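This text walks through one protein chain. Please keep the sequence and the 3D view open while reading.

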Amino acid sequence: MGNNLSAPLLSVHRTETTLTFMPIVVPVEKKLMDVKIKDLPNWILTQDFTPKGTIRAFQRGYYQYDNKYVNINKGSTLGVSMVLEADMLFNYCVSYKELKHEQLRKNH
């Protein structure tokens, strides 16, 4: 994925008598896997952390997951099992404090 150049597009500006074409600079996003560690702070600063940008990032992640594990010709339970495992891990982390005390009570 080469350099961090922008893809130019054209924008039309109408003046009184002539049309002028001015380039619009659209930044090309690098994937996290393509970013080197030394460039990581700059990459993080270029991300869109507004609510709209965050929603778009979650949508991209959802659609990537959906296309890879759910919308496939040969179906399997892998996608659903991954969601269930993530839910189990999350619930365990949330209730770890109580579970830790429960285990101490059983042994003593």
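Tyr63 is partly exposed, with a relative accessible area of 48%; partly exposed is the range between buried, under 20% relative accessible area, and exposed, over 50% (1.4 Å probe, protein chains only). Tyr62 is partly exposed as well, also at 48%. The ring centres of Tyr62 and Tyr63 are 5.4 Å apart and their planes stand at 65°, so this pair is edge-to-face. A pair of aromatic rings is described by the distance of the centres and the angle of the planes. Here rings of Phe, Tyr and Trp (its six-membered ring) pair if their centres lie within 6.5 Å; planes under 30 degrees apart count as stacked, over 60 as edge-to-face and the rest as tilted. Tyr92 and Tyr96 also form an edge-to-face pair, with 5.9 Å from centre to centre and 70° between the planes. Tyr92 is partly exposed at 44% relative accessible area, and Tyr96 is partly exposed at 41%. By this rule the count is two aromatic pairs.

The model is predicted: local features need pLDDT of at least 70, side-chain atom pairs count only at pLDDT 80 or more, and totals for chains, interfaces and linings use all residues. Residues are numbered from 1 along each chain as its sequence is written, and side-chain values use heavy atoms, with hydrogens and water left out.

Now the chain as a whole. It has four helices and two strands, where helices (H or I, at least four residues) and strands (E, at least two) are DSSP runs numbered from the N terminus. Their order from the N terminus is β-β-α-α-α-α. Of the 108 residues in the chain, 6% are buried. The accessible surface comes to about 10,400 Å², and carbon and sulfur atoms hold 63% of that; such areas come from the Shrake-Rupley method with a 1.4 Å probe, and for residues only the protein chains shown count as cover.

Next, the loop between helix 1 and helix 2 (51–70), where Gln47 is placed. Gln47 is partly exposed, with a relative accessible area of 22%. The side chain of Gln47 makes a polar contact of 3.4 Å with the side chain of Thr46. A polar contact is a pair of N or O atoms within 3.5 Å; within protein, one must be able to donate a hydrogen and the other to accept it, and residues adjacent in sequence count only if both atoms are side-chain atoms. A polar atom of the Gln47 side chain also lies 3.2 Å from the backbone oxygen of Trp43. Gln47 and Ala57 are 10 residues apart in sequence, and their C-alpha atoms are 9.8 Å apart in space.
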